[in-house]
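Have the sequence and the 3D view ready as you read.

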Amino acid sequence: MAIRERLSGNEAVANAMRQINPDVMAAFPITPSTEIPQYFSAYVANGKVDTAFVPVESEHSAMSACIGSEASGARTLTATSSCGLALMWEELYIAASCRLPIALACVNRALSGPININCDHSDSMGARDTGWIQIYAENNQEAYDNFVQAYRISEHKDVRLPIMICQDGFITSHAVENITLLEDKEVKDFVGEFNPKEYLLNEDHSMAIGPYDTPAFYMEHKRQQAQAMMNAKKVILEVAADFEKLSCRKYGLFEEYKLDDAETAIVIIGSAAGTSKDAVDALRAQGKKVGLLKIRVFRPFPAEEIAQALKGCKAIAIMDRCESFNSQGGPLGAEVRAALYEAGATPKTVNYVYGIGGRDVRVENIEEVYKALDEIVAAGKVEEPYRYLSLRD
Amino acid sequence: MANFKEIMSRPERLTGGHRMCAGCGGTIAARNVLKALKPEDKAVIANATGCLEVSTFMYPYTAWKDSYIHNAFENAGATLSGAETAYNVLKKKGKINSTYKFIAFGGDGGTYDIGFQSLSGAMERNHDLVYVCYDNGAYMNTGIQRSSATPHFADTTTTPVGSVSTGKPQNRKDLAEIIASHHVPYVGQTTFIGNFSDLHSKAEKAIYTKGATFLNIMAPCPRGWRYATEDIMHVCKMAVETCYWPLFEVIDGKWVLNYKPKTKLPVEEFLKPQGRFKHLFKKGNEDLIAQFQKEVDERWEQLLRFCEE
């Protein structure tokens, strides 16, 4: 029986964590994810979970403790944002290469400097090559649903990789929305018990983890890790199918919104997809054939599927809520363009940097993007393939 | 404490065949700490990046009989905090029956310096674990660079003696005192003396005292200190007899001096066998030795006050 609630994104994710009832959480406060360990500490303090909370002295130690805990055979999680994720950077790689299925609630926030506490994706995009699965949410319902699905993906025998469940700082994390929660038992049964095969506290035999790896083996280990990430795509879809049976909510690698017959489309991640859908509706009402592709899974990157979905479009705007400082555009722009090229698809593309450091994204801003796409279609060429949206003069 | 014969007859938990240098103090420290484990108890060992780690666990071989985790350079404290927390939860849930003890090993670089915050956090949270620093007074794994444990005037590759340099310009940090200020239940400082009963007894106390405990073991490095490898026991003895490296414990906040030399030897006896201090014995550098002696004296006097000797 579904539970109707009104929750912020942070409280929604904290609820998913409570329902999962993991063994260990190690976390350090940082805006805007702080509420997650706060809510969780209250669950611990009131006996709502069996979890041990480790109040570490930094995010680096948070991920270090998570690695120690998960390697010991305990289901482990953490939450962080921005510079906290950046401080974990070294440890993110180690968690992934040790094949530890830790879950991390990432509440996306701009990176310093200058210091800025508001939403953009530069934190998790900076971690895109660390070997973590990355799943993004448009709203609090998706953040909750994605977290409920996290361990089924990360702990799968063909995957065994850590997973980052991302939501937009403040916009999703702090805004209170209607949400439908699953029953505690439903989540418990869906997620299941964690029974790893190899772990430090295995009484049958000891184990050593984190070796010095010579050139004779390192490359093979990295290839195995790459294979696990490739395997994750199928597992993500299988878990989503099971989740749909339970919740009647359907998830894929990405969401296509009015994309079937679209001539122009935007590709976007996170909460601004909601704003963009309003723009699509408004323009559709005017008879314009516009559509949207919202990325849910960024790692593994579903390149072939994205190219297939976009191949009928004449022009596409790829929206990056972060900078890459490569003088060409953002990471999503680079990856979508590469996907289109490999597939031999020929839509014109333009890559926008938008909404960084919490710059507001309005329906009319997105309508401007569709207008620019019309101009590209009319001109048959792209001037300025790398642009900023809503930049002050 | 188990008697000497019993301790020495316990099976090795860090086996031979690893790649540490002959006569390495770090390996002697680790093997002898592990001797203090009761044979029936299991252990999880965390190791900061360093000589001990890269030489004992090179894929696909490990020299460690117990479960072992190497994470990174600066986080053995936090890593083992996570493992110990996992143990408590899984034990409570009835998923584990055996008794596990948790032991971290780090060199002075991974402990005094880059791992200091992680260590301090683990101590303050009072996890039931032992952190063992094998203090060889420099970053030996990367090639003898100075650390905050390096003694004054030591010749290292980042404090080289030169025409305008007399080696490391600063004094060393007193880590055992800093950890004692965390008000943890047990801190011990030791080195290799006689039949190792001081080390074995402190290791046993550290491992079997509930809560966070810390052992600081002076573990000479023949390459970095430049003494004849076979002289390690003499170097350790001189460190203790000159009061450069006193043997003491802090038990529930009470400072206890374990050994007071009848005649405190001049610090030259410790410095002389070591190539890293060779320049101190050049003509005209007598005042440097006097400065070194003064620092040793002041710290010794302070320790006597702490121990109410």
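Let's begin with L92(A), which counts as buried because it has 23 C-beta neighbours inside 10 Å. A residue is called buried if 20 or more other C-beta atoms lie within 10 Å of its own, exposed if 12 or fewer, and partly exposed in between, with the C-beta atoms placed from the backbone. Before we go on, note that this is a predicted model, in which local features need pLDDT of at least 70, side-chain atom pairs count only at pLDDT 80 or more, and totals for chains, interfaces and linings use all residues. Residues are numbered from 1 along each chain as its sequence is written, while chains are lettered from A and ligands numbered from 1 in the order in which they are written.

Where does L92(A) sit? Its place is in helix α5 of chain A. Helices (H or I, at least four residues) and strands (E, at least two) are DSSP runs, numbered from the N terminus. Leaving out residues up to four places away in sequence, L92(A) touches M63(A), A127(A), T130(A) and W132(A); two residues are in contact if their C-beta atoms, placed from the backbone, lie within 7 Å. M63(A) is 29 residues away along the chain, yet its C-alpha atom and that of L92(A) are separated by 7.3 Å.

Now look at the whole helix. Within α5(A), residues 89-97, the buried residues are E91(A), L92(A), I94(A), A95(A) and A96(A). Their cover includes α3 (59-71) and α9 (218-247) of chain A. Just after α5(A) comes R99(A), with a positive phi of about 60°.

Next, the meeting of the two chains. Here 37 residues of chain A are in contact with 38 residues of chain B. On the chain A side, the elements giving two or more residues are β2 (24-27), β3 (52-55), α3, α5 and β9 (208-209). Of these, α3(A) gives the most, with nine residues.

Strands join in as well: β9(A) pairs with β4 (residues 67-70) of chain B in the parallel sense, over two bridges. Strands pair if DSSP finds at least two bridges between them. In β4(B), Y68(B) is the bridge partner of A208(A).
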